[in-house]
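Here is a short report on one protein chain.

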Amino acid sequence: MIDRRAVFADVLKRLSVPVIGSPMFLISNPQLVIEQCKAGVVGSMPALNARPATQLDDWLAEITETLAAHNERNPHQPAAPFAINQIVHKSNDRLEHDMALCVTHRVPIIITSLGARPEINEAAHSYGAVVLHDVINNAFAHKAIDKGADGLIAVATGAGGHAGVKSPFALIQEIREWFDGPLVLSGAIATGSAVLAAQAMGADAAYIGSAFIATTEAQASADYKQMIVDSSSDDIVYSNLFTGVHGNYLKGSIRNAGLDPDALPEGDLRTMNFGGDAPKAWRDIWGSGQGIGAVRQVLPARELVARLVAEYAQARVRLALG
């Protein structure tokens, strides 16, 4: 049997800084994933970003072939592995198709969300991939591991998009009481020092999404990227109006949609699909985490990673000096 913790430890050794770029709906694309990996962090994207579904085959081929060529040219500094996010919810009628393509292309890391299915984990394990499942509480963490996930992504308060409400201190502490496998922390992480803090709490790596929205490769509008740059944690609102599930969104995008971000009504699962020209989550209402106060300009992904690397090194020096 393969030791998944050892496999993940090998992944960490290949990183310039212990970071996984989180998969962002409608935003992550092959160009961003490739640049993240070449810069030394795990790049990822949702399988559902490929539209139509047949495009995913082309995207996976592009990523694997480009990274293989990079590694051939740079044998002493190979790219980090990449990950594909699968939404394991019964509403995802593409799951089997998309997972079969991941098996064909031997995607190194599978990130599962919104449910856990043993057969998806088994498919990933069939060729040696590592499965990380994102969770918002300890109960879901137990279920994910019981169903065969290798590791966990603890989504704490302050994360972009659909986020939990648990303090990272509480969430990591509770999971580490019983689980010694791969553990990644998500929630308001946008600096190298925050990455080191995640490790100090007990995580193996940090999960960073919102900071990568403001990169040149991200498939977000110029206005969205600029709003990330111009905003801070005070500009984030937590609401379930737009999808029926609570998430963090930029107040500016809510105002632009003609709504008052400070007086939003409660939603439910029936609000998943607005009719007609009503504003839609992710397209019109922009997700973001609370860590964006550290994002001050739109940069190529490699420059953002370089900043994280430098900040992480500086934080380690400060810690060593006491």
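The accessible surface of the chain comes to about 14,300 Å². Carbon and sulfur atoms account for 53% of that surface. The model is predicted.

**Overall build**

The chain holds 12 helices and 10 strands. Its radius of gyration is 19 Å, close to the 20 Å from the globule rule for 322 residues, so the chain is as compact as a globular protein of that length. Along the principal axes, the C-alpha atoms fill a box of roughly 50 × 50 × 40 Å. Of the 322 residues, 52% are buried, meaning under 20% relative accessible area.

Charge is carried by 26 positive and 33 negative side chains. The centres of the two sets lie 2 Å apart.

| Share | Value |
|---|---|
| Buried residues, of the 322 in the chain | 52% |
| Carbon and sulfur, of the accessible surface | 53% |

**Strands β9 and β10**

Strand β9 spans residues 236-239 and pairs with β10 in the antiparallel sense. Four bridges link the two. In one of them, Val237 has Tyr249 of β10 as its bridge partner.

Which way do the residues of β10 point? Gly247 and Tyr249 point one way from the strand, which covers residues 247-250. Asn248 and Leu250 point the other way. In a regular strand, side chains alternate between the two faces of the sheet. Here, Gly247, Asn248, Tyr249 and Leu250 are all buried.

Terms used
Residues numbered from 1 in each chain as written. Predicted model: local features only at pLDDT ≥ 70, side-chain atom pairs only at ≥ 80, totals over all residues. Heavy atoms only, no water. Rg over C-alpha atoms; globule rule 2.2 N^0.38 Å. Buried < 20%, exposed > 50% of the residue type's maximum accessible area, 1.4 Å probe, protein only. Areas by Shrake-Rupley, 256 points an atom, 1.4 Å probe, with all protein chains shown as cover. Lys, Arg positive; Asp, Glu negative; His and termini not counted. Charge placed at Lys NZ, Arg CZ, Asp CG, Glu CD. Pairing = 2+ DSSP bridges.
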